[in-house]
Amino acid sequence: MDAGILRDQLADLSKGVFISMPIGTVLAALILAVQLLSGGGLAAVAWFAAIALVNGARVVLALAQSGAADERQQAVGVRLSLYGVLALASGIAWSFLALLSDGYTTAQAPLYLIVLAGTSAGSVTYCTSHAPASINFITLPLLTAAACVLAQGGVENDVLAFTILLFLGGMIRGALLGQSRFRETSRLKYEAREFAAEMERNSRRDPLTGLLNRSGLEQAIAGLGVSDGPFVAMLIDLDGFKSVNDTYGHTIGDGLLVKVARRIEDHAPQGATIARIGGDEFVLLFSACRSPQAAELASSIIAAIANPDPELNSVRVGASIGIYQADKPQLTEMLLKADFALYAAKRGGRNEYCLFDADLDAALERRNRIERDLRGAIESGALCCWFQPLVRLDTSAVVGFEALLRWQHEVHGAISPPEIVTAARETGLLSLLTETVFLNCCAMIAELVRQGRPDVRVAMNLSPRELEAGNVDDMILDGLKAKNVPAAMLEIEITEEAPVDRDRVGQKVGHLADAGISIVLDDFGTGFSTLVSLKDSRIRKIKIDKDFVRDLAKSVEDQAVVEAVIGLGRTLGIEVMAEGVETDADRMILRSLGCMIAQGYLFSAALPMRDALAFDATGEVIFEPLRNPRSGSAA
């Protein structure tokens, strides 16, 4: 900072020279002209030549200052000292004005004193950044003038001498004050620059671990060239970190993140770029030339992170790593593909790594294509619902249908419902997809009413996350009213998943149940709080998950579970049905255990709406076909 302030002083002083020196030279030339007109001779010419020579030297010094911004502090100090020396030399020359005016006793003396005062004031004005340059110039001429006037005697001259001394004091004070203010302004400028630079550095750093953050990572990658590659990007995500925060608190969790950061640094190749871009997500980026065995490096990092921490007795933290190698340093692409590989590693379990390969590339292309085409499929009706019959086991009567998503993609063929829902969630189309399913259900219910089958219900699936995120309940109730569809014929199958805002979900479930919609607990036995959910009086039906029903006749354990669920439902007054019935033996066991409603491939797969309406479990087509063959789509 001190060197910068000196450079600012030097630069300002140099600029002032190009104004003050021409003015000083003109004033000196004016005095020379007066001297020549009044009979002065060689002495006046010599005096002017001396002043012009010193002024010329000061101008040359200013011109040579063009490269001073790059000079060191010592060199800048030397230049400022030279300015002070030349200012002193100029002051000595102006002191000889007393000799030209015989001690300021000639008739031209008042003019010379006025010119000297103006020159002194101008020197202070144009040298505010560096006080010695002006003080060295004005002190000797003004002291000489005061002494000469004082020597003449008389009250008037005494007063004039005192006035000159006061003027000198004021000029010296002004010079010092100007320098102080200039240096303070310069200091504030550099402090502001340093603060801004510090803020910029901090904006690129994660304050907890000291690693780069996402912004810093972007800037670091922007400085890489193709010639530095190929590049390996590792996306490292901790396994079990949430349990650390939940069990020990965020202070211990933050400490663990710092330890993980240091462990990654210890194993990172030399020159690698490391960043923390999420809560427990890290990026390691390096040139493949520095560590060709990415798999070995990933294994060593996983082992280091998984090394037990003595502060965590009841929780074990691991790591999963997705690896992608790229020829060009493009952050978005590298993170996208490393992230895809990361989740492939997570599907393999904890403490695993996965390299992004051709198979994952094809899977990623499939996902991207599905996400791109989803809206068009919904709007065109290519994505619609088929309906799987629900059958009574004692009479084989169709008592309901479950709406299931179907989409035959032009490139990737049949897209599974979970893929469709995931794509809708990622693209922000989940509410549109839910509305499409609802409209398909409304079309099915309307046709059932037309055929005189008001006792048959149509079920649609909703997750608690869908209920929590939007106003699905209002959309459903408003839609039923607008289409004049009886609410009692609609069922909502709610799949249990990770805990959400139970109060908000419960409020929306109550809103639907109060309107007469039947609430069904889907996938019973596989959720997170199944028995607690059964205490909710709004649950009217539970559906035993297919994992307990498939091959039921061969598993005594599954039969015991199913019998217990049926007994529990009977005790609570909740209807029980089963899904995934594929064999007649399973059907017979379910019936013997007291489960009277089921669905599965034994009866029928999901069917287009026309075929579903015409389906009969006995194999007979007993209902008339649809009036409008296109009414089963959501177009």
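Q: In what sense do β4 and strand β5 (residues 353–355) pair?
A: They run parallel, over three bridges. Two strands pair if DSSP finds at least two bridges between them. This is a predicted model: local features need pLDDT of at least 70, side-chain atom pairs count only at pLDDT 80 or more, and totals for chains, interfaces and linings use all residues. Residues are numbered from 1 along each chain as its sequence is written, and side-chain values use heavy atoms, leaving out hydrogens and water.

Q: Which residue in β5 is the bridge partner of I321?
A: Y353.

Q: And how does strand β1 (residues 231–239) pair with β4?
A: Antiparallel, over nine bridges. F231 faces A326 of β4 there.

Q: Why is β4 largely enclosed?
A: Because eight of its nine residues, 318–326, are buried, the rest of the structure largely encloses β4. Buried means under 20% relative accessible area with a 1.4 Å probe, protein chains only.

Q: New topic. How much of the whole protein is buried?
A: 46% of its 635 residues.

Q: How many helices and strands are there?
A: The protein has 23 helices and 14 strands. These are DSSP runs: H or I of at least four residues for helices, E of at least two for strands.

Q: What radius of gyration does the protein have?
A: 45 Å, whereas a compact globule of 635 residues would be near 26 Å. That rule is 2.2 Å times the number of residues to the power 0.38, with the radius taken over C-alpha atoms.

Q: What box do the C-alpha atoms fill?
A: Roughly 140 × 55 × 45 Å, along the principal axes.

Terms used: Buried means under 20% relative accessible area, exposed over 50%, partly exposed in between (1.4 Å probe, protein chains only).
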